Amino acid sequence: MTLELSAGDQSMLDGEQGPAAAAAMKILVAFSDAVGARKLLDIAGAHIDGCLYHGQASLDFVERLVEGGGRVRVPTTLNVGSFDLIHPGLVKMPAAEAVPARRLMKAHLELGCQATFTCAPYQTRFRPAFGEQIAWGESNAIVFANSVIGARTNRYGDFIDLCCAMTGRAPAWGLHLSENRRGQVLFELTDSFEPSDALFVGVGLIVGQRSGDRIPVIAGLPQPRDEDQLKALGAAAATTGAVALFHAVGITPEAWTFDEAFRGTAPEATLRISRADIDQALAKLSSVPDGAPLAAVSLGTPHFSHEEWKRLLPMLREMAPARGIPIYVNTGRATFKRLQDEGELDDAQKFNLIPVTDTCTYVTSVIERLDGVVMTNSGKWAHYAPGNIGVSVAFGDLADCVRSAAAGRVVRGAR
């Protein structure tokens with residue numbers, strides 16, 4: 001299969017628009033050939049997952065583009081890095097790692113990327129529109145953009161996402177194309193559920209584990225309180241599996257009806273989710289029982305939205321946790337600034353509340369005590385943190401986390 005290039009594509013490939021654009025187009029052409037795309041399409045924006053420092057190779061790649069005079073051609077947001085540039089004192093990292101980690105973040109800015117440093121770009125001013133073609137990295141952002149917004153992107157990994165941003169183009173394949181977005185496997189909730197945060201996490205965990213490479217359709221899901229519950233579902237599904245798009249019947253924009261979700265075809269398989277299935281999936285996120293002494297709480301994976309902060313802060317003021325248990329909240333810098341401007345964080349120190357921006361506590365050494373139990377309301381954080389930073393984890397909803405911080409031990413459910 002031959003990849004058709006436009007005159008502009010060929011001009012970039014031939015080096016007529018500079019060495020950086022040529023390098024990016026060369027990689028993009030090879031990738032497009034590998035996945036069987038017949039042509040490239042214009043994108044409206046990109047989100048880059050390569051800011052997290054994994055070694056010298058990642059920095060070398062970006063430096064080459066900087067040295068070649070490269071600039072992104074579409075609005076381009078940046079995912080979390082390995083450093084909190086606003087609160088550098090929080091990060092415990094040797095200089096040999098900190099210097100290249102910070103340089104990697106700065107080098108992306110020199111390419112013209114936006115200093116968002118958030119895993120939730122869909123909750124910033126750069127949120128794409130329904131039907132827009134984009135090239136995004138970061139698994140939770142990808143699934144949210146496709147599913148909740150109805151924008152179109154494949155799961156782009158490091159370097160390919162940046163090549164798309166540098167050229168303004170992406171291969172016309174996969175989820176960019178309407179015919180590849182229909183549902184394939186049906187998940188039916190067999191019980192009646194209240195729209196709790198834990199429910200959406202549990203459904204996401206199960207859908208991710210059981211979907212394989214198929215696009216899931218979820219039927220029987222209650223109407224969510226807000227999009228943050230769908231954010232949690234998508235993040236969990238992308239964590240335990242390869243989900244890049246889900247349809248929730250009557251909720252998400254490409255699935256107002258069952259027939260619309262499946263485009264008039266029958267499901268390839270039907271899987272049922274019971275209350276017992278949800279309870280079992282959530283139980284696997286915790287490695288400690290109720291009553292275990294608590295070392296810290298970590299919230300905001302994906303990054304806490306302004307609306308989530310507005311739920312958390314009244315809980316803190318009502319429960320007034322005063323045992324000194326640190327409550328780390330990962331959030332985007334734009335959200336953090338908005339809260340500061342509103343005066344919402346003026347009493348944060350009273351509750352040992354520690355905002356973390358630009359990064360996340362499961363990828364960067366921020367949490368002071370790793371020898372105790374850390375509680376979280378995030379399925380993604382609970383899944384990755386034990387392997388990444390070696391902590392014991394307790395999962396609970398947001399109220400559980402605050403209540404536990406007040407008690408100094410793991411407390412779950414209304415007590």
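Figure 1. Setting aside residues up to four places away in sequence, Leu162 touches Ile48, Phe61, Val62, Leu65, Val72, His108 and Leu111, where contact means heavy atoms within 4.5 Å. The model shown here and in the other views is predicted, so that local features need pLDDT of at least 70 and side-chain atom pairs count only at pLDDT 80 or more, while totals for chains, interfaces and linings use all residues. Residues are numbered from 1 along each chain as its sequence is written, and side-chain values use heavy atoms, with hydrogens and water left out. Leu162, together with Val203, Leu221 and Trp381, is among the residues with the most contacts inside the largest nonpolar core, which has 101 residues. A nonpolar core is a set of buried Ala, Val, Leu, Ile, Met, Phe, Trp, Tyr and Cys residues joined through side-chain atoms within 4.5 Å; buried means under 20% relative accessible area, exposed over 50%, and partly exposed in between, with a 1.4 Å probe and protein chains only. Helix H7 (residues 197–211) contributes the largest share of this core, eight residues.

**Figure 2. The whole chain, as a setting for the close-up views.** The secondary structure of the protein comes to 14 helices and 14 strands, these being DSSP runs numbered from the N terminus, with helices (H or I) of at least four residues and strands (E) of at least two. The radius of gyration, taken over C-alpha atoms, is 22 Å, close to the 22 Å that the globule rule (2.2 Å times the number of residues to the power 0.38) gives for 415 residues, so the protein is as compact as a globular protein of that length. Along its principal axes the C-alpha trace spans about 65 × 55 × 35 Å. Of the 415 residues, 58% count as buried, and among contacts between residues at least 6 apart in sequence, 76% join residues at least 24 apart.

**Figure 3. The four-stranded sheet and His247.** Four strands form an open sheet with parallel pairing, in the order S8-S7-S6-S9, where two strands pair if DSSP finds at least two bridges between them. S8 and strand S9 (269–273) stand at the edges, each with a single partner strand, so one side of each is left without a neighbour in the sheet. Strand S7 (residues 216–219) and S8 pair in the parallel sense over two bridges, and the bridge partner of Val217 in S8 is His247. His247 lies in strand S8 (residues 247–248) and counts as buried, at 2% relative accessibility. Beyond its neighbours within four places in sequence, His247 is in contact with residues including Arg181, Arg182, Gly183, Ile215, Pro216, Val217 and Glu254. The C-alpha atoms of His247 and Thr335, which are 88 residues apart along the chain, are separated by 28 Å. H7 lies across strand S6 (185–189), S7 and S9, running at about 150° to S6; axes are lines fitted to C-alpha atoms, for helices over the stretch in contact, and angles run from 0 to 180 degrees between N-to-C directions.

Figure 4. Strand S10 (residues 294–304) and strand S11 (residues 327–331) run parallel and are joined by four bridges, with Leu299 standing opposite Val329 in S11.

Figure 5. Thr357 lies in strand S12 and is buried, with a relative accessible area of 0%. A polar contact of 2.8 Å joins the side chains of Thr357 and Asp84; such a contact is a pair of N or O atoms within 3.5 Å, of which, within protein, one must be able to donate a hydrogen and the other to accept it, and residues adjacent in sequence count only if both atoms are side-chain atoms. Asn140 is found in helix H5 (residues 139–149) and counts as buried, at 1% relative accessibility. The side chains of Asn140 and Tyr122 are joined by a polar contact of 2.5 Å.
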